[in-house]
Amino acid sequence: MKCPYCGKEMAVGYIHNHSQPVQWLPNGAMPSRIKWTITDNGVPLKNKYKFFKENGYIAEAFYCKDCRIVIAPAE
Ligand SMILES: [Zn+2]
């Protein structure tokens, strides 16, 4: 993915979360207290669950070190 700010190629990586899918929440919203669930007004990122390797959820994310920005696609 090209960085939308500078146009350079972004590094591919991930954001990890242990027992809940990685999600974006609006200000004021609380994450669910129940494991493996998304809050009603949460926006899940593209998650994969990897038990053995990362032991939790990982969401694909791209990083531009020049602009210091992370972009993560949503479901
Ligand atoms: Zn950039």
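Reader: What share of the contacts in the chain with a separation of 6 or more comes from residues 24 or more positions apart?
Author: The share is 49%. A contact here means two residues whose C-beta atoms, placed from the backbone, lie within 7 Å. Residues are numbered from 1 along each chain as its sequence is written. This is a predicted model, in which local features need pLDDT of at least 70 and side-chain atom pairs count only at pLDDT 80 or more, while totals for chains, interfaces and linings use all residues.

Reader: Why are strand 1 and strand 5 said to pair?
Author: Pairing requires that DSSP finds at least two bridges between two strands. Strand 1 and strand 5 (residues 56-64) have seven, in the antiparallel sense, so they count as paired. Within this pair, Ala11 stands opposite Tyr63.

Reader: How do you know that strand 5 also pairs with strand 4 and strand 6?
Author: Again, count the bridges. Strand 4 (residues 47-50) and strand 5 have four, antiparallel. Here Asn47 faces Ala59 of strand 5. Strand 5 and strand 6 (residues 69-71) have three, also antiparallel. Phe62 stands opposite Ile71 in strand 6. Both counts reach the threshold, so both pairs qualify.

Reader: Why is Met10 called buried?
Author: A residue is buried if 20 or more other C-beta atoms lie within 10 Å of its own, exposed if 12 or fewer, and partly exposed in between, with C-beta atoms placed from the backbone. Met10 has 20, so it is buried. Met10 lies in the segment before strand 1 (11-17). Beyond four places in sequence, Met10 touches Met1, Lys2, Cys3, Phe62, Tyr63 and Cys64. Across the chain, buried residues make up 16% of the 75 residues.

Reader: Why does Lys8 count as exposed?
Author: Lys8 has 12 C-beta neighbours inside 10 Å, so it counts as exposed. Lys8 is in the segment before strand 1. Past four places in sequence, its contacts are Lys2, Cys3, Cys64 and Asp66. Lys8 and Leu45 are 37 residues apart in sequence and 23 Å apart, C-alpha to C-alpha.

Reader: What makes Ile69 buried, exposed or partly exposed?
Author: Ile69 has 14 other C-beta atoms within 10 Å, so it is partly exposed. Ile69 sits in strand 6. Setting aside neighbours within four places in sequence, Ile69 contacts Tyr5 and Cys64.

Reader: Which residues make up the largest nonpolar core?
Author: Six residues do: Val22, Leu45, Tyr57, Ile58, Ala59 and Ala61. A nonpolar core is a set of buried Ala, Val, Leu, Ile, Met, Phe, Trp, Tyr and Cys residues joined through C-beta atoms within 7 Å. Take Leu45. Beyond four places in sequence, its contacts include Val22 and Ala59, as well as Trp24 and Pro73.

Reader: What is the phi of Trp36, and what is that of Arg68?
Author: Trp36 has a positive phi of about 65°, although it is not a glycine. Arg68 is not a glycine either, and has a positive phi of about 55°. In general, most residues other than glycine have a negative phi.

Reader: Where are these two, and are they buried or exposed?
Author: Trp36 is in the loop between strand 2 (23-24) and strand 3 (43-44). With 10 C-beta neighbours inside 10 Å, Trp36 counts as exposed. Arg68 is in the loop between strand 5 and strand 6. That hairpin has four residues between the strands. Arg68 has 8 other C-beta atoms within 10 Å, so it is exposed.
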